[in-house]
Amino acid sequence: MGELRLMKGNEALAEAAIRAGVDGYFGYPITPQSEVIEYLTAEKPYERTGMVVLQAESEVASINMLYGAGATGKKAMTSSSSPGISLMQEGISYIAGAEIPVVLVNVVRGGPGLGDIQPSQSDYFQTTKGGGHGDYRLIALAPSSVQEMSDFVPLAFELAFKYRNPAIIVSDGAIGQMMEKVELFEQMPRMTDEEIRAKYKWATNGKLEDGTRRIITSLDLDPYKLEEHNLKLQKKYKEIEENEVRYEKIMCDDAEYIIVAYGLSARISQKAIQLLREKGIKAGLLRPITLWPFPTKQIKELVDSGIKGFLSVEMSAGQMVEDVKLAVNGKVKVEHFGRLGGVVHSPEEVVEALEQKIIGG
Amino acid sequence: MAEINIQDIIKPENLVYKKTRLMTDKTLSYCPGCGHGTAHRLIMEVIEEMGKEHDTIGVAPVGCSVLAYEFMNIDMQEAAHGRAPALATGIKRLWPDKVVFTYQGDGDLAAIGTGETIHACNRGENIVIVFINNGIYGMTGGQMAPTTLVGMKTSTTPYGRDVAQMGNPLKITELVAQLPGTYYVTRQAVHTPAAVRKAKRAIRKAFENQVNKKPGLSFVEVVSNCNSGWKMTPVDANNWMEENMFPFYNLGDIKVDGKLIEK
Amino acid sequence: MTEEIIIAGFGGQGVLSMGKILAYSGIMQNQEVSWMPAYGPEMRGGTANVTAIISDERISSPILQVFDTAIILNQQSMDKFESAVKPGGILLYDPNGISHHPSRKDINIYKVEGAKLAAEMGNTKIFNMVVLGAYLKIRPIVKLENVMKGLKKSLPERYHKLLPLNEDAINMGMKNVITVQEV
């Protein structure tokens, strides 16, 4: 068993970055995720593993430092919260276009605009439908506990490098700020420069000994070549959709109604299904762990198994519910419930929503 | 009469100049008379001469030189408009023993990327910035740049740059020279053989500073013409540059070994 | 066993650290724990509250509307959280500064003169430990030895010399809890 600690989600994520053998972190302070860079600077990861931590002058600079660093084959990450992630979108699009494996973290807060600093899930569209320009996808992991804030860091890097695609950890202010017991994984070694040069031949870290030179770009002025590049990306996205869907099912086996919820909403909904079952209502929870790729197939299977209705519970005006509806394809009732602007719904409100919108409706 | 081919004329003993192999064979996309090609070549010659071919990563963002990676035969990254110093920071921080440079135009470095430029200079990133200043946005068709001279006509200042409306041309090179993070700041040109020789020495000095881990960033501005943007012949453009650009953008070293040059 | 607790008072009263010590104590005896503060500008000077959950099972929602126990340390928190105690649950409060005492009839109510006792012990900073002691007397969900282990883990090394004083404070709270009503 690994070391047990009581940590905030943001701190666990930062510690996990050091332990995962990350080479560089570039970030800019913004509530509610500033503990990430505060923890990293206090921990002196340069002494522990040689990891570089740099406070950039803006989120725009952070994401572009990440682009430069990631394009050399090193493990680079950044974290921010909603408005900062909006600022990064141009860079994210470049990174996706140039197929650079980096890890981003969004500790989501209420919006739009400056919004507030309370937990929210209103960046689902931005995350899964491409906040930046062009046809691209981010592999999106949604932790619902402090433990997963830690565990998803090495997982995000694994997936990012496996597919040469940016991955994003989509958390929220509550998961970032709350403390829970976390079992830390053992320190993983950082790759040496020689290992990186040998393993990632695409990376720009100085021409290879045989004279091969590498170019990292997202530009191709020839539309036919750019179409070809896009088709290659789409093929990769399809492969990810086929292989990397992650989800958790809780009490779905005998369920008549399913709540679909991720992150903090999944935790609240888990309590809600306990309360519903105490009332004799057979409810289950499907928790997407990957927001993209989305567990479309699993929802279809639940529809086929005779589920009577789905409630998508999100701290937003109803974003993920569109993907649930696409999966259900009109066969049974799908509704959304969620509080907005940083208000967190209570388990009791979720119970009431399921009773009124799905069972009674 | 026997055919004579080029190999018969150019014998090794007659050779006085050879293109560096760190320039690709691809035909430059720049307008005839433009300074970009010369500036590219000087950088590549310096890297070859310093034996850093396998240890250099270049970053060229959006602008006429967005395709620099097609001509510079080394590992290259193409950045978003204005962000090259941030990419270079990311690379250099994780590969401190590699040679990292950016190649940026005036709109890129002194307008959209001002923040990244100032902060990379202020942090004293151990990189080289090569800054091509032709006082205009070349690639997008000749619009006003932050360095456009007062009264100069561009497609967005068709009656000449009006200070009351558009402010003064930005001497960003003098500005970054004031920052403690810059170690070497110079302004050069590449329009005559003499200027080319001087510019090469400056570029060499900048890269040597980096390789020798001198504390701070080395910044080389190259004042260049944009004959098509200025709507002049290449010769007229060079004359105009000497008469109008140089009096405002004075050539020469501004800061050497971390010390400002007294003028 | 699952105990859902809200601790609420002024910033600076040690509300957040009391929750943290409870959570750490839970970890020391192999339980699942969560600690969810109300964060943001109100942390600085205004009211502070934290939801602490200790359970033998995986914890579902870390954010709750109703609680098994409310530990209330100022009037604003009394106004806000008295109604949030589950019927049959516990409300523990320090009467210092409280003008409207709790009036519900369906919950167990206790009080402890935490501020006064801490002052008598010569260190107002151990106020939250006195209150924690009172709570653990009513609901011994974690063992004192595990509280001390948790305290040791959550306090920086340089404060370890204060551990005996903290233990005394917990004992003081345990001895001085007053039952107002039990249902």
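A: With a single residue. This is a predicted model. Take B:V130: leaving aside residues up to four places away in sequence, B:V130 touches B:A39, B:I43, B:F101, B:T102, B:Y103, B:I203, B:V220 and B:V222.

Q: Which residues have the most contacts inside the largest nonpolar core?

A: B:V130 is one of them, along with C:V130, A:A17, A:A156 and A:I259. The core has 248 residues.

Q: Why does this core lie between domain 1 and domain 2 of chain A?

A: Because both domains give residues to the core. Domain 1 covers 3-193 and domain 2 covers 248-359 of chain A.

Q: Next, sheets. What is the strand order in the open sheet of seven strands in chain A?

A: The order is β3-β2-β4-β5-β7-β6-β13, and the pairing is mixed. Now look for strands that pair on one side only: these edge strands are β3 (52-55) and β13 (290-292) of chain A. From one strand to the next, the twist averages 20 degrees.

Q: In which sense do β2 and β3 of chain A pair?

A: In the parallel sense, over four bridges. Strand β2(A) spans residues 24-27.

Q: Which strands does helix α2 of chain A lie across?

A: Helix α2(A), residues 35-43, lies across β2, β3 and β4 (76-80) of chain A. Its direction is about 130 degrees to β3(A).

Q: On to the chains. Which pair of chains has the most contacts?

A: Two pairs of chains touch, and the most contacts are between chains A and B. Chain A puts 33 residues into that contact and chain B puts in 30. On the side of chain A, the elements giving two or more residues are β2, β3, α4 (59-70), α6 (89-97) and β9 (215-216). The largest share, seven residues, comes from α4(A). By type, the side of chain A divides into 14 nonpolar, 11 polar and eight charged residues.

Q: Which strand of chain B pairs with β9(A)?

A: Strand β2(B), residues 75-78, pairs with β9(A) in the parallel sense over two bridges. Find A:I215 and look opposite: there stands B:M76 in β2(B).

Q: How far apart are the closest C-alpha atoms of chain B and chain C?

A: They lie 29 Å apart, and no contact joins these two chains.

Technical notes: Residues are numbered from 1 along each chain as its sequence is written. Chains are lettered from A and ligands numbered from 1 in the order in which they are written. This is a predicted model: local features need pLDDT of at least 70, side-chain atom pairs count only at pLDDT 80 or more; totals for chains, interfaces and linings use all residues. Two strands pair if DSSP finds at least two bridges between them. Axes are lines fitted to C-alpha atoms, for helices over the stretch in contact, and angles run from 0 to 180 degrees between N-to-C directions. Two residues are in contact if their C-beta atoms, placed from the backbone, lie within 7 Å. Ala, Val, Leu, Ile, Met, Phe, Trp, Tyr, Cys and Pro count as nonpolar, Asp, Glu, Lys and Arg as charged, and the others, Gly among them, as polar. A nonpolar core is a set of buried Ala, Val, Leu, Ile, Met, Phe, Trp, Tyr and Cys residues joined through C-beta atoms within 7 Å. A residue is buried if 20 or more other C-beta atoms lie within 10 Å of its own, exposed if 12 or fewer, and partly exposed in between; C-beta atoms are placed from the backbone. Domain bounds come from an automatic or database domain assignment.
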